[in-house]
Amino acid sequence: MRNTVKRISCLLILPIVFSVCFSCAANISAQAEVENFIEADESDFIKWVDLNVGAKLLKKISALDIKYHGTEVDFDFCEALAYLATKNGNKFSDKADFAALDKLVGELESGKKISDFYGENKYYKYYCEAYSAVFSEMIGEYKDGESGETQYGVKAFFPIADGFWYNHYDDFGASRSYGFKRRHLGHDVMGSVGTPVIAMEGGTVAELGWNQYGGWRIGIRSHDTKRYYYYAHLRKDRPYAADLKAGDTVVAGQVIGYLGMTGYSAKENVNLKSGKPHLHAGLQLIFDESQVKGSKEIWVDLYGICGFLSGYRAKVSKNPDTKEYVSLNTKISV
Ligand SMILES: [Zn+2]
């Protein structure tokens, strides 16, 4: 879903809005970003994305995408999200969006194309590109790791293995004080130490080791390089799946490590001094390599996505000798 929409940066306003408050900052910066985006040369790229769509709507849109896959009806997950975001100014609310979605589906069933509505609209194009970067690999064709059959559907996983308890709420943007004052750029899923952590999407292990904030952590870059998944605070002493190392390829649903509570220490293999065991899951979007590290990083809220993916949990089995878990459900992109 590449398109030619290019925009100018809102980086100049970021220092100002960050000093206000996160929720205000998110709205102001998103508004400014979308307002500012323009047709530009090929070297430009998206600099900012706000993600606030909820789990219920994501479930509904994915069910529609699967329902209409292979039919005459022109329904696509990312385009439908972009359509709604264009309509609601990227402020999702279930009531209005469910009604708008029903109306859209009616129109598409009667033969209209989704591009008939906002085809050349610059906001629509921006949202198409932004939401494709987030979701394009979460739904589509995949090879089932067990049966080897090619199927169509949701191919991403919730980051906690099936059968293990968890608890979460939307804590993206909350302030954190270790080291220096900053925002929480991820999503915390509370659980028990030793719970198998699952790769939400396949990719390449870009980083694996100690980080003074995240403790034992794993960073996985998606195959299309647009997403970087960050799994942090893994278990003390045995944080990772056996033999996993930087450079390895992992598939969606694979056990990559174990939940713990390490981090916030310059010294390795140390547990958090306060707090409870949890997985910190982060999703960073990368439209250009200049956004990989530093002030230009774009992190999005995983709360809605995790709620959506709570229905897609990998089953695991434990090897009694090694105490290692292996996944019984993997999905390989095709
Ligand atoms: Zn966290």
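Mentor: Let us begin with a definition: two residues are in contact if their C-beta atoms, placed from the backbone, lie within 7 Å. The model is predicted.

Trainee: Which residues does Y166 touch, not counting residues up to four places away in sequence?

Mentor: With those excluded, Y166 touches I160, V189, M190 and G191. Y166 is placed in the loop between strand 4 and strand 5 (167-168). Y166 and T195 are 29 residues apart in sequence, with 9.4 Å from C-alpha to C-alpha in space.

Trainee: Why is Y166 called partly exposed?

Mentor: Y166 has 19 other C-beta atoms within 10 Å. A residue is buried at 20 or more and exposed at 12 or fewer, so Y166, with 19, is partly exposed.

Trainee: How do you know that helix 4 is mostly covered?

Mentor: In helix 4 (residues 77-88), 10 of the 12 residues are buried. These are F77, C78, E79, A80, L81, A82, Y83, L84, A85 and T86. Their cover includes helix 3, helix 5, helix 6 (115-118), helix 7 (122-135) and strand 3.

Trainee: What span should helix 4 have, and how far apart are its end C-alpha atoms?

Mentor: At 1.5 Å a residue, the 12 residues of helix 4 should span 16 Å, and the end C-alpha atoms are 17 Å apart, which agrees. Just after helix 4, G89 takes a positive phi of about 70°.

Trainee: What makes helix 3 roughly parallel to helix 5?

Mentor: Helix 3 (residues 55-68) and helix 5 (residues 94-109) pack at an angle of about 10°, and their axes are 10 Å apart. Angles under 35 degrees count as roughly parallel, so helix 3 is roughly parallel to helix 5. From helix 3, the contact is made by K56, L57, K60 and L64; from helix 5, by D94, D97, F98, L101 and V105. By class, this contact has 5 nonpolar, no polar and 4 charged residues.

Trainee: Why is strand 11 described as largely enclosed by the rest of the structure?

Mentor: Strand 11 (residues 215-221) has 6 of its 7 residues buried, so it is largely enclosed by the rest of the structure.

Trainee: Which strands pair with strand 11 in the antiparallel sense?

Mentor: Strand 10 (residues 203-211) pairs with strand 11 over 7 bridges, and N211 has G215 as its bridge partner. A hairpin joins these two strands through 3 residues. Strand 12 (residues 227-232) runs antiparallel to strand 11, joined by 4 bridges; here G219 has Y230 as its bridge partner. Strand 11 and strand 12 also form a hairpin, with 5 residues between them, and T225 in the turn has a positive phi of about 70°.

Trainee: How do you know that strand 3 and strand 4 pair?

Mentor: Two strands pair if at least two bridges are found between them. Strand 3 (residues 139-144) and strand 4 have 5 bridges in the antiparallel sense, so they pair. The bridge partner of G140 is G153 in strand 4.

Technical notes:
Residues numbered from 1 in each chain as written. Predicted model: local features only at pLDDT ≥ 70, side-chain atom pairs only at ≥ 80, totals over all residues. Axes fitted to C-alpha atoms, helices over the stretch in contact; angles between N-to-C directions. Parallel < 35°, antiparallel > 145°, perpendicular 65-115°, else oblique. Nonpolar A, V, L, I, M, F, W, Y, C, P; charged D, E, K, R; others polar. Expected span 1.5 Å × (residues − 1).
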